[in-house]
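Here's a quick briefing for anyone meeting this structure for the first time. Take a look at it, then read on.

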Amino acid sequence: EDSGSVSPSGASVSTFADMVANVKSEDAEDLPLPSTQGRAYDLSKVDDKLRKRLLKNRLSAERSRQRKQAHVESLEFELSCCRSENEHLKKRVASLEAQLASVNLSSAPQLGVA
């Protein structure tokens with residue numbers, strides 16, 4: 001599973017998932033501790049079991065955000081395709097309506113004569 005992301009410039013961006021790729025296999029002391037910025041707890045002061053759960057939860061939340069972003073991008077692409085197809089179909093309808101109008105005009109005198 002790809003836990004990294006790519007910046008708009010195309011460069012690989014390190015994520016928290018990269019820092020703790022194998023939470024299950026590593027000892028809790030060996031895990032790198034992320035900054036506590038934006039958190040109500042300090043991972044260096046919680047017990048090992050809770051620390052592992054918090055780290056796994058953070059990784060899960062990050063993966064969830066990545067899946068959501070991919071889904072949104074997919075929907076935006078689909079919307080773009082649908083809008084493009086809609087414009088093409090509108091032009092086709094206008095063309096067919098013009099052809100129908102010209103056929104009706106050219107056949108109207110013939111109907112009156114017959």
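What follows covers the overall layout, the confidence and a few side chains.

This is a predicted model, in which local features need pLDDT of at least 70 and side-chain atom pairs count only at pLDDT 80 or more, while totals for chains, interfaces and linings use all residues. Residues are numbered from 1 along each chain as its sequence is written, and side-chain values use heavy atoms, with hydrogens and water left out.

**Overall layout**

- The protein chain has two helices and two strands, where helices (H or I, at least four residues) and strands (E, at least two) are DSSP runs numbered from the N terminus.
- Going along the sequence, the pattern reads β-β-α-α.
- Of the 114 residues in the protein chain, 16% are buried; buried means under 20% relative accessible area, exposed means over 50%, and partly exposed is in between (1.4 Å probe, protein chains only).
- The accessible surface of the protein chain is about 9100 Å², and carbon and sulfur atoms hold 54% of that (Shrake-Rupley method with a 1.4 Å probe; for residues, only the protein chains shown count as cover).
- Take the contacts (heavy atoms within 4.5 Å) with a separation of 6 or more in the protein chain: 36% of them are between residues 24 or more positions apart.

- The mean pLDDT (the predictor's confidence in each residue, from 0 to 100) of the protein chain is 77, and 57% of its residues reach 70 or more.
- Confidence is highest in α2, at 92, and lowest in strand β2 (residues 12–13), at a mean of 49.
- Residues 24–28 have pLDDT below 50, and this stretch has six contacts in the model beyond near neighbours in sequence.

- The partners are Lys90 and Glu87, whose side chains meet at 3.8 Å, N to O.
- Both Lys90 and Glu87 sit in helix α2, three residues apart, or about one turn of the helix.
- Lys90 is partly exposed, at 49% relative accessible area, and Glu87 is partly exposed too, at 42%.

**Ser102**

- You'll find Ser102 in helix α2 (residues 48–113).
- Its side chain reaches the backbone oxygen of Gln99 at 2.9 Å.
- Ser102 is partly exposed, with a relative accessible area of 42%.

Conventions: A polar contact is a pair of N or O atoms within 3.5 Å; within protein, one must be able to donate a hydrogen and the other to accept it, and residues adjacent in sequence count only if both atoms are side-chain atoms. A salt bridge is a side-chain nitrogen of Lys or Arg within 4 Å of a carboxyl oxygen of Asp or Glu.
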